[in-house]
Amino acid sequence: MVLAEDLVNIKSQIDPFIGSKVRVRANKGRKRIVVNEGILENTYPSIFVVKVRNELSNDYQHLSYSYADVLTHTVELSLCE
């Protein structure tokens with residue numbers, strides 16, 4: 001069972017890294033895994049937003065992920081060096 005304290009704890013761990021370059025590994029189901037690198041742009045009460053550069057059209061996308069996905073290991077977030 002997902003508790004509100006768990007989600008708040010995950011948010012508080014992610015907050016200090018706003019503006020940092022991160023790698024997001026998302027499991028989209030059916031053995032499809034998507035890996036994106038971008039800037040952790042902002043955190044909100046239930047989601048966080050990563051700004052990713054689209055190499056084909058040379059513009060930016062904003063991808064949002066929920067803290068519940070991080071808790072269930074559907075989304076993995078790591079810092080890039």
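Tutor: Two strands pair if DSSP finds at least two bridges between them, and a strand is a DSSP run of E with at least two residues, while a helix is a run of H or I with at least four, each kind numbered from the N terminus. This is a predicted model, where local features need pLDDT of at least 70, side-chain atom pairs count only at pLDDT 80 or more, and totals for chains, interfaces and linings use all residues. Residues are numbered from 1 along each chain as its sequence is written, and side-chain values use heavy atoms, without hydrogens and water.

Student: How do you know that E3 and E4 pair?

Tutor: Eight bridges join E3 to E4, and the rule asks for at least two, so they pair. The two strands run antiparallel. The hairpin has four residues between the strands, and Asn-58 takes a positive phi near 60°.

Student: Which strands does E1 pair with?

Tutor: E1 (residues 21-29) pairs with E2 (residues 32-43) in the antiparallel sense over eight bridges. Five bridges join E1 to E5 (residues 75-79), also antiparallel. Arg-23 shows both pairings: Glu-37 stands opposite in E2, and Ser-78 is the bridge partner in E5. E1 and E2 form a hairpin with two residues between them, and Arg-30 in the turn has a positive phi of about 50°.

Student: Why is the pair of Phe-48 and Tyr-65 called tilted?

Tutor: Rings of Phe, Tyr and Trp (its six-membered ring) pair if their centres lie within 6.5 Å; planes under 30 degrees apart are stacked, over 60 edge-to-face, the rest tilted. Here the centres are 5.8 Å apart and the planes stand at 35°, so the pair is tilted. Phe-48 lies in E3 (residues 47-54) and Tyr-65 in E4 (residues 59-66), 17 residues apart. Phe-48, Tyr-65 and Tyr-67 form one aromatic cluster.

Student: What makes Lys-51 sit over the ring of Tyr-60?

Tutor: The test is NZ of Lys or CZ of Arg within 6 Å of the ring centre and within 35 degrees of the ring normal. The charged end of Lys-51 is 4.6 Å from the centre of the Tyr-60 ring and sits over that ring.
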